[in-house]
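Me: I have a model open on my screen and would like to understand the words used for it. Could you take me through them?

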Number of protein chains: 2
Amino acid sequence: MATKGRRQPRLKELSSELGLSITTVSRALAGYSDVSAATRERVREMAARRGYVPSRAGRMLVSGNSGFVGLVVPLRDSHFIDAFLGEFIVGLSEAFTDSGRDLTITTAARDRREVDVLRHVVNGQQADGVVLTRALSEDDRVTYLLDQQVPFVLHGRVLGEDRPYVWFDTDGETAFGEATRMLIDLGHRDFGYLTFTEPLTFAHFRRIGLEGALRDHGLNLPDQAIAAVSRFDEAEVERAADRLLSLDPRPTAILCATDGLAIKLLDVAAKRSIHVPADLSIIGFDNLPVSAYASPGITTFDQSIQDSAVHVAEMLVKLIDQGIDAVEPRLVQADFIARGSHGPAPPARPSVRAVG
Amino acid sequence: MATKGRRQPRLKELSSELGLSITTVSRALAGYSDVSAATRERVREMAARRGYVPSRAGRMLVSGNSGFVGLVVPLRDSHFIDAFLGEFIVGLSEAFTDSGRDLTITTAARDRREVDVLRHVVNGQQADGVVLTRALSEDDRVTYLLDQQVPFVLHGRVLGEDRPYVWFDTDGETAFGEATRMLIDLGHRDFGYLTFTEPLTFAHFRRIGLEGALRDHGLNLPDQAIAAVSRFDEAEVERAADRLLSLDPRPTAILCATDGLAIKLLDVAAKRSIHVPADLSIIGFDNLPVSAYASPGITTFDQSIQDSAVHVAEMLVKLIDQGIDAVEPRLVQADFIARGSHGPAPPARPSVRAVG
DNA sequence: CATTCTTTCCAAAACGTTTTGGAAGCGGCC
DNA sequence: GGCCGCTTCCAAAACGTTTTGGAAAGAATG
């Protein structure tokens, strides 16, 4: 056992030292009018001097609210996605603190599914609401929280949920649609898409944007030009990139679901002496810090993770305080960041088959 | 007011449904032997079916422990340091969850000093222990927590605190000492140091390492070759880097307290057509993801932030459970990551003064 | 049969807070 | 003097849990 630290003063102690009842001290600190100005001052002075802060537990018990907001982070991902999470957490924490709440972070370990951890957090009443990141197309966390009527905000969207819920998302469909149109204007005709096998909703929408724009121009994305990799397997990304670059005809433009993938693809292209952007245009999403320093810099979309976090936090606070009718889901546009990884399509060259 | 969600079942409810007392249900779930095996099973089955999780508040109240561990994050810093924080948080959370605790994150907003926030967290009994990052040479947080006898682990060290406390640090002194010796062997004689004005202890030790190695070789670091910048002011970094590169004689090797600074310095050098590493060797610290992608890649030291976080978490858990005698402070060595930003000293060239 | 020991259960207290429903004292009013 | 209203205070209850100190019933022991 650790040596018990000097115990913090509690209401009982303050009240006996002041010769007042617990009730009066509590009400004085809360600023109620049924305690005289003189007493109020006396109480406040004493509380300040003793550094009194009400016990969270006592408060929770009577109010039913914990004053905490929960975030369940999934088992550890690749390095790049962790970067997202870190920034997101810092942004959330800042915004929640502004509203007098604190953020608690629980990890879904290897052996506990996220929804189980969530159930634990919710049923243990250790959070008045939760934030969900990394939405899946069909997400059991969303179903569960809706069933339980627990306030939550989803960063991202799910597909096919009829009940209303609060989400915040970046419009990847529009972004990749516009990127694709731009590339078509630059002469590109053979496209590829590098994405994740996990049914991440954002990857879905980005693909929809790409395919929609292609269709509008009478083009299409052949199945073999879509490479999907698990986000837990670094090596697989290289193999997938390699496969895309071996296609015949080889795509002249590859859109990547995230910057993390784009950077890997850039590496693989370099190894095969495929010049970017002369031979190949690459476009990513997220505007990771590294993307600016890759050579060439990755052309990408910025969605200001910290801003997203702040919005998500504000939405959740509003949801908790005022109910679901007070808050609208929100779709924000991503900013296009033009850097060096895209350019005009290379002059048409005969396919390997035509040569052979 | 938000619509109250379906209330979670509590002990009282379970007990009345089972026709048992609250005590028995509680003890059955806790596995005490004074409840029959049959009853225990019956209780457990019911609890599982109803998804019962004990209320954190109730537990806290009686046990005096919150089950939370606190982290107070300082007001928002520059982008690069935030990257550190994010990774650190994810590592912490993972390790704490393994020990059955959760991490709470509170932000020191613009107007609240860190130590005040800390006082709030501690006196409100919302954490059984806290983690401190970014140690300052003289750190009022450490003084406060020692006074209050609150368990804490400091990531970093302070100077001149006599009482024992638990810290975890990376040996920047040895690292920069060795880097300096290596650079001396490569022919460098004129060194510079780019650091922070804030009295961050890690910057202090890194500088000690640099100066110690210089002294061993009869060299020294002139005052004007030390440039210190506030970590909140991006523009100042450029000015400082500029100033270092304008010295006469111009340093041929500049050590930077962090990779963030090193990258800025690299940019400024490029703008002035100073070639790295031909004209200037740069060495950083932290091994940020971007450092690998800068060109040339930054030679740096890796301290595996996630591993640090895990160690810090484990130390704190031990400290809380077993007391301060059970846990030793710990100094770990950083890994040298040789990349392209350092090399042999350029051939001696006459100083500006000698020419004029 | 009376006594002790086990087994199985439970009522009550305690933790710290806020809220509810008064109570006491006082001055002013009829 | 009796009544009212105002100001200022407080006792008690409630929130959910764990622990303490039994109690009741049956089994083993004398």
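Reply: Gladly! Two strands pair if DSSP finds at least two bridges between them; helices (H or I, at least four residues) and strands (E, at least two) are DSSP runs, numbered from the N terminus. This is a predicted model, where local features need pLDDT of at least 70, side-chain atom pairs count only at pLDDT 80 or more, and totals for chains, interfaces and linings use all residues. Residues are numbered from 1 along each chain as its sequence is written, with chains lettered from A and ligands numbered from 1 in the order in which they are written.

Me: What makes β6(A) and β8(A) a pair?

Reply: DSSP has to find at least two bridges, and strand β6 (residues 191-196) of chain A has four with β8(A), in the parallel sense, so they pair. In this pairing A:F191 stands opposite A:A253.

Me: What pairs with β8(A) over three bridges?

Reply: That is strand β9 (residues 281-283) of chain A, again parallel, and A:L255 stands opposite A:I283 there. The chain crosses from β8(A) to β9(A) through helix α11 (residues 259-271).

Me: Which way do the residues of β8(A) point?

Reply: A:A253 and A:L255 point one way, A:I254 and A:C256 the other. In a regular strand the side chains alternate between the two faces of the sheet. All four are buried (20 or more other C-beta atoms within 10 Å of their own, C-beta atoms being placed from the backbone).

Definitions and conventions:
A residue is buried if 20 or more other C-beta atoms lie within 10 Å of its own, exposed if 12 or fewer, and partly exposed in between; C-beta atoms are placed from the backbone. A crossover is right-handed if, with the strands pointing away from the viewer, the path from the first strand over the helix to the second runs clockwise.
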